[in-house]
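Dear colleague,

Please find below the structure that I am handing over to you, with its sequence. My notes on what was found follow directly after it.

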Amino acid sequence: MNDQDLGKRGLWGSKVAFIFAATGSAIGLGNIWRFPAKVSESGGAIFVLIYIIAVILIGFTVMLAELVIGRHSQKNPVGAFKHIKPKTSWKFVGYLGVLTGVLILSYYSVIAGWAIGYLLKTIRGTFRGGVTGEFTQQVFKEFSSDPLQVFLCFLVVIGITCIIVSKGIKSGIERWTKILMPFLFLLIVFLAVRALTLPGAGEGISFYLKPDFSKLSGSVVLLALGQAFFSLSLGMGMMITYGSYISKSDNLVSSAGWVCFSDSLVAFMAGLIIFPTLAFAGILGKASGESLAFEAFPLIISTIAGGYFFGIFFFALLLVAAITSTISALEVAVAFLVDERNWPRVKAAWLVGLCALVIGIPSALSTGGMQFFTKIRFLSKIDFVCANISPAVGAFFICIFIGYVWGVKNAIKEIHSGNPRFKLQPVWIFSLKFLSPIVIIFILYFIKTFT
Ligand code: PHE
């Protein structure tokens, strides 16, 4: 492929632009909605500890591996495997990624839609002045079980995502993430400071940060690893796709490091907001699962001076964070159709968006909208598969692919372009060839026992 072709395909404007877009993909509901929910379900601080270890040892390894494959091939996940190992079955790892991306888009957009609902509620003043934990629980129940509202919000999210993705890399994704992500970060810092100074915050903090080792179990490890993959958007070709737009002179190692660090920092701070707030309202341990964040945030917002405006600002930014993630989930499938099937970008974006909309209907109806889907907990089930199983399988094969098929030497050569002194090289190779695949295979093998 010559430079002209690359240019036509699009490249990030700079290294910083990539970091913003990749961080935009990584930071989202996974950090603010899913992370605290998993902490709460899995025994608190012990989960946080395992999560951090998983990000450092495995998340970073896989992230760098995906970026290497992406930048080397300058292609979508399916094309990348075809390019490096033509006429082999490796392309199916790419297909698995494309499929997972669409499935994630389908239910993730439903939850992003809740952020729209909550934005509107905040504007209408629902959470004005000293609300209680019971009240926010009730509001969530009413909202999430109204199929029409939930579906309309879901539709809006898919629509916005399709519009942005159809505009392409530079003018669509890059422009918006660069403007909006810093705002989200500042607001989260502010809310964390407020939460930490609430009366009774200490109980929340000790649940969140004081590990109880008796709660360590296989299922905690499984969920923490899954959360790391989900939150960093790994194992489904997302970072292969975004990596394919990175220029050859950029440093892949520091880029991967920045994305891992900022994503984990935001998740960590979301916990600093949620757990003290729940303790303050007396519902720590009583609220958990999908509704957790949506019950805790209105509470904290209602305790601050000027909370009305903070609330609006917060849910607007949560929506933005979610949309920078839905964009990336859609981009995987769109890049595939554009590169491999020569589809026009606009057609690809809207058609895949439509598929995700249809697939997402059961998720939209599974929080009370329809008894059948609620009963089988459809949303939790699809989330379990898309966050814990599929990315782990994808990440396993990515490690094996570089470690034993394409060869570590070739990968290192790619990394050296933009980073001639790759100091972490021995550690990365060890994790890629041995540690990560062994841990992942162990977890997948015992998955039945853990769940
Ligand atoms: N990483 C995103 C989040 O934490 C979720 C996501 C996963 C987005 C995979 C795209 C692809 O919210």
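**The ligand and its surroundings**

Of the 16 residues around the ligand, the nearest are Ala26, Gly30, Tyr108, Phe230 and Ser233 (a residue is near a molecule if one of its heavy atoms lies within 4 Å of it). This is a predicted model, in which local features need pLDDT of at least 70 and side-chain atom pairs count only at pLDDT 80 or more, while totals for chains, interfaces and linings use all residues. Residues are numbered from 1 along each chain as its sequence is written, and side-chain values use heavy atoms, with hydrogens and water left out.

Helices H2 (15-26), H3 (29-41), H6, H11 (218-231) and H15 (307-341) each supply at least two residues of the shell around the ligand; helices here are DSSP runs of H or I with at least four residues, numbered from the N terminus. The space taken by the ligand is the largest cavity, a cavity being a set of points, on a 1 Å grid over the protein atoms alone, where a 1.4 Å probe fits but cannot get out.

Ser233 is placed in the loop between H11 and helix H12 (238-243). Ser233 counts as buried, at 7% relative accessibility (buried means under 20% relative accessible area, with a 1.4 Å probe and protein chains only). The phi of Ser233 is positive, near 55°, although the residue is not a glycine. Arg377, in the loop between helix H17 (371-375) and helix H18 (378-416), also has a positive phi, of about 50°, and is not a glycine. Most residues other than glycine have a negative phi.

**Two buried helix residues**

Gly97 belongs to helix H6 (residues 91-124) and is buried, with a relative accessible area of 2%. Leaving aside neighbours within four places in sequence, Gly97 is in contact with Met236 and Val332, where contact means heavy atoms within 4.5 Å.

Thr277 lies in helix H13 (residues 252-281) and counts as buried because its relative accessibility is 0%. With neighbours within four places in sequence again left aside, Thr277 is in contact with Ala195, Leu198, Ala296, Leu299 and Ile300.

Yours sincerely

Notes. Buried < 20%, exposed > 50% of the residue type's maximum accessible area, 1.4 Å probe, protein only. 1 Å grid on protein atoms, 1.4 Å probe; cavity = no way out; pocket = protein on both sides within 12 Å on 5 of 7 lines; lining within 4 Å. Sits in = over half its atoms within 2 Å of the grid points.
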